[in-house]
Amino acid sequence: MTQPTSSPSDNPTGSHKGVIFSGMRPTGLLHLGNYMGALQNWVALQEHYNCIYCAADIHALTTLENGEEANQIKPNIEDMVLDWLAAGIDPEKSIVFVQSQVPEVMTLHTLLGMVTPLGWLTRVPTFKDKVRQMHETEETVNYGLVGYPVLQTADIILYKADTVPVGQDQVPHIELSREIVRRFNNMFGETFPEPQAKLTDAPLLVGLDGKNKMSKTLDNHLDLAATPEETTKRVLTAFTDPERVRREIPGRPEICNIYSLHKIFSGADATETVYKECTSAQRGCVDCKRHLADGINDYLKDLRARREEIKARPDYVQELLHEGGKKARAIAKETIAEVYEKMGLG
Ligand code: TRP
Ligand code: SF4
């Protein structure tokens, strides 16, 4: 990643590659689902785009339930960014930074609020879900949560990013970003590219409960940074074929999540063996899970070793985030100057 050049308004990163922006709310350690669904993709994209990756700490505040929770944000950022680096996010190639270190995003959020009809925000499915989950109503919910996608839009377009790798659940937000950008450009002249969501083709990981997507909230996940022993222990708690109540009953791999995970982590030959041994009752579920856990631990071995190595370097993450913040802010300031000009401010 190069520093911004003299014409940041044409292309904020100063080259002809597309600009990728993505973010994650800092909820702490990442799990295997985050890795397969997003992080792995982020790493690969570094080769073809100028990438900007953000720890969205202000977004984390939109669902804050008490003041205590705020104390968790900084350690969560550290844990999450360590996972990013361990997975292969390279601060030499990409800008890695913390959202709140670039306060310009809040300026842009306010200004975009002037071109965003309230109805656009209250009809977003993630908003309705969150309101319900938090036992709020549209009367009692915080203004900040309503503006969540406006802040997310500000994140993206502050760097004039054109491509946003996200999961399916975030697509409505990116659609909204496009509408906001269109409206802004119509009113004030062509300023921002319409960002485009980029979905991964990675398989969706089902959690240890065997029925829901892997998620921390549902506690059906496997942390990337867990020890091999912890991983094995958790895999052993997973649901399998519910009708296989005894070892002698043949199993049905096609409905068993352990089998679908074998397909991803154990290789083709081993997976075929699992199928045969399961359907002929030659293999018990406990052995099958141990086998899977070994496969996952092996898969994560290098990532975990790198994580330990990076974690041992004093202040490394903090310094890198500081540097990333400076690079991001330089771009952000240019954009804000342009927006001020166009909106008649300053
Ligand atoms: N809302 C995203 C999520 O919950 C995180 C996020 C914040 C984001 N800002 C972003 C994603 C900008 C893409 C682009 O996953
Ligand atoms: Fe699932 Fe393996 Fe048990 Fe078959 S043997 S039901 S694939 S855990």
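**Salt bridges and a strand crossover**

The side chains of Glu 277 and Arg 283 come together in a salt bridge, with 3.1 Å from N to O; the term stands for a side-chain nitrogen of Lys or Arg within 4 Å of a carboxyl oxygen of Asp or Glu. Arg 283 is buried, at a relative accessible area of 9%, whereas Glu 277, at 26%, counts as partly exposed. Here buried means under 20% relative accessible area, exposed over 50%, and partly exposed in between, using a 1.4 Å probe and protein chains only.

A word on the basis of these values: this is a predicted model, where local features need pLDDT of at least 70 and side-chain atom pairs count only at pLDDT 80 or more, while totals for chains, interfaces and linings use all residues. Residues are numbered from 1 along each chain as its sequence is written, chains are lettered from A and ligands numbered from 1 in the order in which they are written, and side-chain values use heavy atoms, with hydrogens and water left out.

In total, the structure holds 17 salt bridges. Side chains of opposite charge can pair when their charged atoms come close. Another such pair is Glu 194 with Arg 182, whose closest N and O atoms lie 3.2 Å apart. This one ties together distant parts of the chain, 12 residues apart: Arg 182 sits in helix H10 (171-188), and Glu 194 in the loop between H10 and strand E5 (196-198). Helices (H or I, at least four residues) and strands (E, at least two) are DSSP runs, numbered from the N terminus. Glu 194 is partly exposed at 31% relative accessibility, and Arg 182 is partly exposed at 36%.

Lys 326 and Glu 323 also form a salt bridge, with 3.5 Å between the closest N and O atoms. Both belong to helix H15 (residues 316-342), and because they are three residues apart there, about one helical turn separates them. Lys 326 is partly exposed at 47%, and so is Glu 323 at 39%. Elsewhere, Asp 79, Asp 83 and Arg 307 are linked in a network of salt bridges.

Turning to the strands, E1 (residues 19-24) is mostly covered, with five of its six residues buried. E1 runs parallel to strand E2 (residues 50-55), and six bridges join the two; strands pair if DSSP finds at least two bridges between them. Ser 22, for example, has Tyr 53 in E2 as its bridge partner. Between E1 and E2 the chain passes through helix H1 (residues 32-45), making a right-handed β-α-β crossover: with the strands pointing away from the viewer, the path from the first strand over the helix to the second runs clockwise.
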